Structures are given as C-alpha cells and as structure tokens.
Amino acid sequence: MKAPILGIDFTHYGKTEKPKKAPVQLLNIGAEKLLHELDDSSATNLIQGKCCGGGCCRLGPSSEVPTPTRSPSEVLDLPTNDAFKDLNLKLTPLSSRSRLSNTTPLPLKTISLEPVSSGTTHVSTVDTHPPKFVTPHPPYGIFSAKIFDTRELTKENAEKRTYHFDIDVTDYPEEVEGVDFRVGGAIGIQAPNHPETVDSIFSLLGVSKAERDEPVLLKTEGGRWPTIWGEEEARSLVTTRRELLTWTVDVQSYAPTKNLLRVLAEYCTDEDQKTILLYLCSKQGQAAFCELRTGPYVTLEQLLTAFPSCKPPLDHLLCNLQTLMPRFYSLSNDPHFSRHEHRRIVEIAVSVHESENRWKAGNRTGVGSGYFERVARNMIDNGATNVTVPMFRGLMANPLAKEFIADGPMLLIGAGVGIAPFRGFVQRRLQNANCVNKVWVLQGVRDSLVDELYHGEWGVSDEEIKKVVESRRGTKKYVQDEVRAQADLVWFVINSLDGRVFVCGSSKGMGEGVEQALCDVAVEKGRLSASEAKEFWKKKKEGGQYIAETW
C-alpha cells in the first residue's frame, strides 16, 4: 500500500481557497529544498518552542522521498459531524507535497470470532453478571451480591452526586482461611460498559441486532484477555459479541493509541478519512497525535462517529482496546458490625464522576460510578428489588486497612467521598472504651447543607469527634486550612505512641494541600526547616504512622 499524499489546509471544511503568491524568500529556496523541509514535518516544527511531551520533537529525519501526486490546491474533504469537529485536530500544517513516513504498522489480529458448531447452546447473563471467564480475582469467580439498600447521600444542587450502598455478603464464600473483610479495606466491582454505549458502537460498526447476541467461538493466541488476571495462554471460549463488548474491554477511559487509530484507518472506505487517521499514526502527525492524547478524553464511540466510513471487524478492534478493569471502593463501615439482624453487610459510598459530552447531548459518567448510579436510580425511582452487583473481596491489605490499629490516638483527614472509610474507623474505635476520646475527624466539604456525607451517622455526636470545614459557604476554608489551625492536635497525635494520621481524598488540590499543611505544622511545632519537615513526614510514612490514600 502506497503512503498517502496529503492535501493542504484541512481546517476549511469543503472549501478551496485561491492559491496565494509564494513569498520571495520561499521562491529563493528552490522547489527541491522546500519539499525536503516540508517532508520533515511542518507540524512538528511549529511546536519546537513548546514540547508536548509526546516525543515528536525527537523523531529522526524522514527516509521517504515526497512524491507530489495531488494538486497543491486540492483539499481533503473533512467530516462535518460534531464528533469530528470536537476532536479539534491540528491539521493545518499538512502539505499536499508531504508524504507520510514512519507510520505505525497495522497491528496483528490475535483473536478471532468464529461460528459455533451446530447444536451449541450458550446461556448469557450479560445484563446482570459478567461471563464466567472474566476473572479479576483468580482462581475465584465473581460473586453476585445483592444490594440490601441504597440512598443518595447528597442533596439537590450538590456539585457531585454521591450514593450509599448496603451490600449483602452474608453468603460470600470463604476463599482463603483467615482472609476476611477488614476496616479500611476495599471491595472490587466488575462494572460493565453502559448498554446504550454498547449498542451505539455495534450500530456504528454495522453489527446487526441478531449478531450481537448469537453465540460465537472466541479464539485467542495468548495473553490474559479476556480473563483480566488469568493465566497467559491461548483460549477457545463460547461467548457473544455483546458479552465481549460489555464486560471485557474499556471503551471510554483511555486515550486513543496509535495501534487503535491504525486499525481504524485500515477499514475506512473514505480515502480522506483514512488519510487523516494515517497522518495521526505517522511522524508528520506526531504533534497532532500528542494533542489528541493529552486533551479531553476521547471515547471509542466518538472516534467511530467522527470517522463514519470506518467499520473495522469486531475481532480486530477488540485486539487493540484496553481490558476493562475492576473498580475498587473503600468500605464505609466496620464489616464486623451490622445494623441488619442475621445479615452481614458491607457499606460503600460512590461519587459520580461526570464530564460534559461536547459532541452530543448529555454528560458522560465514569464506568464504575455511572453503573452504580444506574443501579441506585433503578431501585430508588422504580422500586426495583433483587438487584445484584458483581463483586469480589478486593483489597484487604491496602494501606488504610493494613495500618489501622485498635489503639493509639488517630487523626482522620478527608474530603468528599474520601471521608467514607473513616466512618468505619470510628465505628470500630467506639467499640473499645479505651479509644473513645482518641479519634478526631477533619472533614472537608463544599457546602454542608448539600454534600456533607454521613452527617449524624458516626455512632456518636458529630461535634464530639468531627470538625467540618466548608469551602463554598461559612468560613470558606479548605480542610488543609483546618490542619494548620489544629497544629497542636496534629503534633500531639503524630508524636504519640502508636499515633496515626490518615489522609484520604483526591490527590489534586486536597492531597497536595494537606501534605503541605502537615509540613507547615512540622515547621511551626518542631522548629524544622522546610526540607527537614518533608523528611520528617517521609519517615513517619515509612514507619506506618502517616498514611495517605489519594487518587
């Protein structure tokens, strides 16, 4: 296949401008030298003063010889749909006389979808539970856990919606002797892709409704997929296309790779759309590719909508998508304490991560949080019962669980949903009479009237153990400001026998701010220099006295 030759000025949708007279200095360069300069990627040259971090400025010189087969006045016919426009691809520097070089080779197709033998039956649980071969917790399967109850923790007008879930694990099997749910632990949830998104992708690929649910024989040449963390080996499994697209590949959380774009380009029937995709896979398009990767998230659905002539076979597409990984949620209760008689319940809080869809109506939610919100609204609004979620025991040796101790003073600092695991800490501490006055909570919220999580649900009067800091009303302070205000308490806890300081929440803003505030406390109370304060908290972290769980 010949390397495509590119037209000029991609930003004018379907318009051709009158050719302009070349400047004198360009005419003096000479046509042959000008072609050489353009072939060295004018797109890259434009950003030499500001590196995007994608390595485009370190690419070697092209080995291709430009062959002008298009007229310089010819312009590519760009897609006019909103999905393409929203990609905001920087294609202006492309020249009709510039040949693509160092283009990513077409990835091999390492899986296949074949017809099943006559008489083969397959019972699918695609709407409620992943296929048995999806094993994020090998050698154990995924448990179908009933949601005992759910409610919305935040009020109307809260910036982020947060839901509480009571999950029944009474019948959860004993997998390893001595391993159990722990305070501060996190359960794993194998959340599916949104059913509407799955159907939209099928329609964009031209997969008929009958084909989506008919049994197929999946053959892989090696690797772990579609088992997540299973053995690396070749597999032959009976499944359906819907099961694979719903439960095994992530279609929205990762930026596009060159391998994915190269596969899409291969199956474009429109030559101009193919050219654009190949450009993004080439040396000349490295700058545009870097901007696409580092900009707002681009989903598979948006790419297929942006390039409507692209309809790759599902098996080749699946080879180049990331595995759909489980999501982990910290327990917000003491799993050894249950408010429900004869049932063992673990509790979690889930904040909905939401971003604007700029190319179509509605907002996009995270895979896991969006799934939980659909489940919650189905129960709250529709009165659905017998609702289950696919879960496994998850992380019971994570830092929060590992460093929790039943004695010693404890300071818990959290913001947003990061406060949830500390509720379980307090519940456990209150069962020990010697620890009742040895736990303090600093909780950061935007507005306590709408988004203070678990108000009045700590097992003791909030005022006795908890200080709430509001950033949008009242004193308008952040939780890190309260850390500085409570310098005496911070210094007392961290220097006490078995004292612990826990921090949980978003690493951006809150996590960084709290860490700096703790250093400020060490400077003030310990009379340390700034560098000594950082080293102080580093050693406390290494000794298990300072535990930060941020994301």
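A residue counts as buried under 20% relative accessible area, exposed over 50%, and partly exposed in between (1.4 Å probe, protein chains only). Histidine 342 is exposed because its relative accessible area is 67%. This is a predicted model, in which local features need pLDDT of at least 70, side-chain atom pairs count only at pLDDT 80 or more, and totals for chains, interfaces and linings use all residues. Residues are numbered from 1 along each chain as its sequence is written, and side-chain values use heavy atoms, with hydrogens and water left out.

Some terms come up throughout. Helices (H or I, at least four residues) and strands (E, at least two) are DSSP runs, numbered from the N terminus. Two strands pair if DSSP finds at least two bridges between them. Axes are lines fitted to C-alpha atoms, for helices over the stretch in contact, and angles run from 0 to 180 degrees between N-to-C directions. Contact means heavy atoms within 4.5 Å.

**The antiparallel sheet**

- An open sheet of 6 strands runs in the order β9-β4-β13-β2-β3-β10, and its pairing is antiparallel.
- Strands β9 and β10 are the edges, each pairing on one side only.
- From one strand to the next, the twist averages 45 degrees.
- Strand β2 (residues 143-152) pairs with β13 (residues 388-395) over 4 bridges, in the antiparallel sense. Lysine 146 has threonine 388 of β13 as its bridge partner.
- Strand β2 also pairs with β3 (residues 162-168), again antiparallel, over 6 bridges. Here aspartate 149 has aspartate 166 of β3 as its bridge partner.
- Strand β4 (residues 186-189) runs antiparallel to β13, joined by 3 bridges. The bridge partner of glycine 188 is phenylalanine 392 in β13.
- Helix α13 (residues 367-382) lies across β2, β3, β4, β9, β10 and β13. The helix runs at about 70 degrees to β2.

**The parallel sheet**

- An open sheet of 5 strands has the order β16-β15-β14-β17-β18, with parallel pairing.
- Its edge strands are β16 (466-470) and β18 (546-550), each pairing on one side only.
- The twist here averages 10 degrees from one strand to the next.
- Strand β17 (residues 500-505) and β18 pair in the parallel sense over 5 bridges. Cysteine 504 has glutamate 549 of β18 as its bridge partner.
- Helix α19 packs on this sheet and touches β14 (410-415), β15 (439-445) and β17. The direction of α19 makes about 125 degrees with that of β14.
- Helix α20 (residues 507-526) also packs on the sheet, touching β14, β17 and β18. The direction of α20 makes about 160 degrees with that of β17.

**Helix against helix**

- Two packed helices are described by the angle between their axes and the distance between the axes.
- Angles under 35 degrees count as roughly parallel, over 145 as roughly antiparallel, 65 to 115 as roughly perpendicular and the rest as oblique.
- The axes of α19 and α20 come within 10 Å and cross at roughly 85 degrees. Helix α19 is therefore roughly perpendicular to α20.
- On the α19 side, the contact uses Ala487, Asp488, Val490 and Trp491. On the α20 side are Leu518, Val521, Ala522, Glu524, Lys525 and Gly526.
- Those residues divide into 6 nonpolar, 1 polar and 3 charged. Ala, Val, Leu, Ile, Met, Phe, Trp, Tyr, Cys and Pro count as nonpolar, Asp, Glu, Lys and Arg as charged, and the others, Gly among them, as polar.
- Helix α19 (residues 487-494) packs against α21 (residues 530-542) at about 45 degrees, with the axes 12 Å apart. So α19 is oblique to α21.
- This contact is made by Val490, Trp491 and Ile494 of α19 and Phe536, Trp537 and Lys540 of α21. These are 5 nonpolar, no polar and 1 charged.

- Most residues other than glycine have a negative phi, and most peptide bonds are trans.
- A cis peptide bond joins proline 138 and proline 139, with omega about 5 degrees. Proline 139 sits in the loop between β1 (111-115) and β2.
- The bond from tryptophan 225 to proline 226 is also cis, with omega near 5 degrees. Proline 226 is in the loop between β5 (215-220) and β6 (235-240).
- Asparagine 157 has a positive phi, near 80 degrees. This residue lies in the loop between β2 and β3, and asparagine 157 is exposed at 72% relative accessibility.
- Histidine 342 has a positive phi of about 65 degrees, although it is not a glycine. Its place is the loop between β9 (327-330) and β10 (345-351).
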